[in-house]
Amino acid sequence: MDAIKTWWLGLCNDVAVWWSGICDDFYLCFVKEDRYKLILDGIGVTIKVSLFAILIGIFIGFLIGLCSLSKNKFLNFIGKVYTDVIRGTPSVTQLMIIYFVVFANVHWEKWIIASIAFGINSGAYVSEIIRAGILSIDKGQTEAGRSLGLGAVQTMLHIVVPQAVKNIFPALCNEFIVLIKETAIVGYIGIMDIQKAADFIKSATFEPFLPLLASAIIYFVLIKILTVSLGFVEKALRKSDVR
Amino acid sequence: MITVKNLHKSFGKLNVLCGIDEHITQGEVVVVIGPSGSGKSTFLRCLNLLEEPTAGEIYIDGEIINAPKVNVNRIRQKMGMVFQQFNLFPHLTIMENITLAPVKLKKMTKEEAIKKGEELLQRVGLSDKANNYPAQLSGGQKQRVAIARALAMQPEIMLFDEPTSALDPEMVGEVLDVMKDLARSGMTMVVVTHEMGFAREVGTRVLFMDGGVIMESGSPEEIFGNPQNDRTKNFLSKVL
């Protein structure tokens with residue numbers, strides 16, 4: 001009986017020590033010297049970079065996607081080379097080339113340059129998604145539009161694209177999620193995003209566990225919020241489906 | 001109204017149309033019949049340039065349409081087309097399907113187009129479906145909407161590419177009725193079909209095509225009652 005009691009008290013003590021350790025670490029990592037502000041600012045930066053990169057990515061992706069679909073050999077070639085080069089090189093390398101080489105003498109804010117770099121990267125993947133989406137629409141739809149006298153551009157804009165968007169929406173969401181996580185490399189050009197903030201706290205406190213856990217949880221929550229809200233959008237897009 | 005001179009069309013090495021000469025006048029209902037692969041559909045699709053002819057000329061109202069620099073879109077506005085697979089726009093309601101082209105091409109204001117759309121839906125007997133989506137309609141209803149959609153552009157000519165071939169048998173009648181009504185109103189029509197009953201009853205002229213040429217042309221009485229060409233006799237003996 002005494003043995004169990006000793007063991008139990010010992011366990012309670014261990015848990016208490018462990019817990020007070022966590023509390024101390026928590027204080028050290030997030031409260032002391034207002035370090036939580038680093039993380040909060042980091043969230044803002046991650047969101048800012050991702051959002052702009054997505055917009056740029058869709059724009060570039062649409063143009064390059066149309067190039068790849070074009071019958072014009074030159075445009076087709078441009079589309080092919082673009083996707084080949086971007087998909088064939090690591091995004092860290094692209095980010096660093098764009099920041100340290102292409103924009104070396106341009107003094108814009110770092111996060112804008114990072115957005116451009118990620119937008120250019122994402123554009124290659126989005127272009128393939130858009131190409132697939134447009135090809136997924138039956139040729140009869142284009143023929144019906146053209147037979148009514150609508151021009152090629154009008155047919156594309158009012159008939160093919162709205163249907164294609166619905167088909168490619170899940171794939172686009174996937175690309176956005178990948179992109180958000182990809183921005184965790186902006187630390188390479190000295191931008192303080194979520195990951196860099198966690199890394200900074202880790203170095204300052206020699207405590208790796210809590211900052212990195214916090215980083216993981218924040219990314220997870222951001223992406224969960226995005227997934228849920230995009231789910232609503234998709235439902236709205238599907239209102240013409242009767243299934 | 002439509003004049004076709006020495007029309008040729010080939011896909012790669014395959015010659016689908018091998019010299020077609022034809023003249024269609026206003027108010028005619030020309031029914032094109034023939035075995036599969038005879039070039040009927042290709043001929044029809046050449047008329048509004050969904051297929052570009054390899055050689056030959058097509059004139060609509062005396063104006064050549066398959067020359068460079070011709071505004072194809074303007075020509076197509078004069079011609080409605082109905083497809084075998086309906087090709088309704090699934091992301092738009094029935095009313096939006098009908099009003100899209102007239103509004104975007106600035107032929108009518110939105111209000112005019114909706115008024116016209118209601119009129120047309122009444123004509124094809126689908127007034128209650130204006131706010132439904134295509135997926136909620138039966139095949140026959142879809143094809144009637146497709147006809148209404150083509151008519152909304154107030155075309156001078158209507159082209160039908162096997163409009164009843166994708167329908168369940170019990171729905172063929174409702175579509176043919178709409179087409180008969182249209183023929184009676186004096187619309188110029190070119191119809192590719194396997195419905196011999198329709199050809200006989202509504203057609204003012206029947207073309208029998210085989211091997212990329214028009215083998216025989218004449219009134220339904222002549223073609224069905226007393227065909228001259230051996231191929232025509234052979235084909236009719238199989239389908240009638």
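Two strands pair if DSSP finds at least two bridges between them. Helices and strands here are DSSP runs, numbered from the N terminus: helices are H or I with at least four residues, strands are E with at least two.

Some ground rules first. This is a predicted model, where local features need pLDDT of at least 70, side-chain atom pairs count only at pLDDT 80 or more, and totals for chains, interfaces and linings use all residues. Residues are numbered from 1 along each chain as its sequence is written, chains are lettered from A and ligands numbered from 1 in the order in which they are written, and side-chain values use heavy atoms, with hydrogens and water left out.

Strand β1 of chain B covers residues 2–11, and strand β2 of chain B covers residues 14–24. The two run antiparallel, joined by eight bridges. Which residue of β2(B) does B:Leu7 stand opposite? That is B:Ile20.

B:Asp61 lies in the loop between β4 (55–60) and β5 (63–64). Its phi is positive, near 50°, and B:Asp61 is not a glycine. Buried means under 20% relative accessible area, exposed means over 50%, and partly exposed is in between, with a 1.4 Å probe and protein chains only. B:Asp61 has 40%, so it is partly exposed.

Next, B:Thr93. Look in the loop between β6 (79–82) and α3 (94–104) of chain B. Is B:Thr93 buried or exposed? Its relative accessibility is 10%, so it counts as buried. Contact means heavy atoms within 4.5 Å. Leaving out residues up to four places away in sequence, B:Thr93 touches B:Ala130, B:Asn131, B:Asn132 and B:Tyr133.

Third, B:Glu221, in helix α8 (residues 220–225) of chain B. With a relative accessible area of 58%, B:Glu221 is exposed. B:Glu221 and B:Thr204 are 17 residues apart in sequence. In space, C-alpha to C-alpha, they are 9.6 Å apart.

Now chain A. Helix α1 of chain A runs over residues 2–31, which makes 30 residues. The expected span of a helix is 1.5 Å times one less than its number of residues. Which residues of α1(A) are buried? They are A:Ile22, A:Cys29 and A:Phe30. Their cover includes α2 (36–69), α8 (194–205) and α9 (209–237) of chain A.

A:Glu33 follows α1(A) and has a positive phi, near 55°. A:Asp34 also has a positive phi, about 50°, although it is not a glycine. A:Asp34 sits in the loop between α1 and α2 of chain A. At 37% relative accessibility, A:Asp34 counts as partly exposed.

The search uses a 1 Å grid over the protein atoms alone: a cavity is a set of points where a 1.4 Å probe fits but cannot get out, a pocket is an open set with protein on both sides within 12 Å along at least five of seven lines, and lining residues have an atom within 4 Å of a point. A volume is the space filled by probe spheres set on the points, which are joined across faces, edges and corners.

The largest pocket holds about 890 Å³. It is lined by 24 residues, and the closest to its centre are A:Leu69, A:Lys71, A:Thr142, A:Ala152 and A:Met156. The largest share of that lining, six residues, comes from α7(A).

The second largest pocket has a volume of about 410 Å³. Its lining has 20 residues. Nearest its centre are A:Gln141, A:Gln163, B:Leu88, B:Pro90 and B:Ala135. Here α7(A) gives the largest share, three residues.

Last, the cavity. How many cavities of 30 Å³ or more does the search of the whole structure find? One. The largest cavity has a volume of about 30 Å³. Its lining is A:Ala144, A:Ser147, A:Leu148, B:Met81, B:Phe83, B:Ala146, B:Arg149 and B:Ala150. The largest share, three residues, comes from α5(B).
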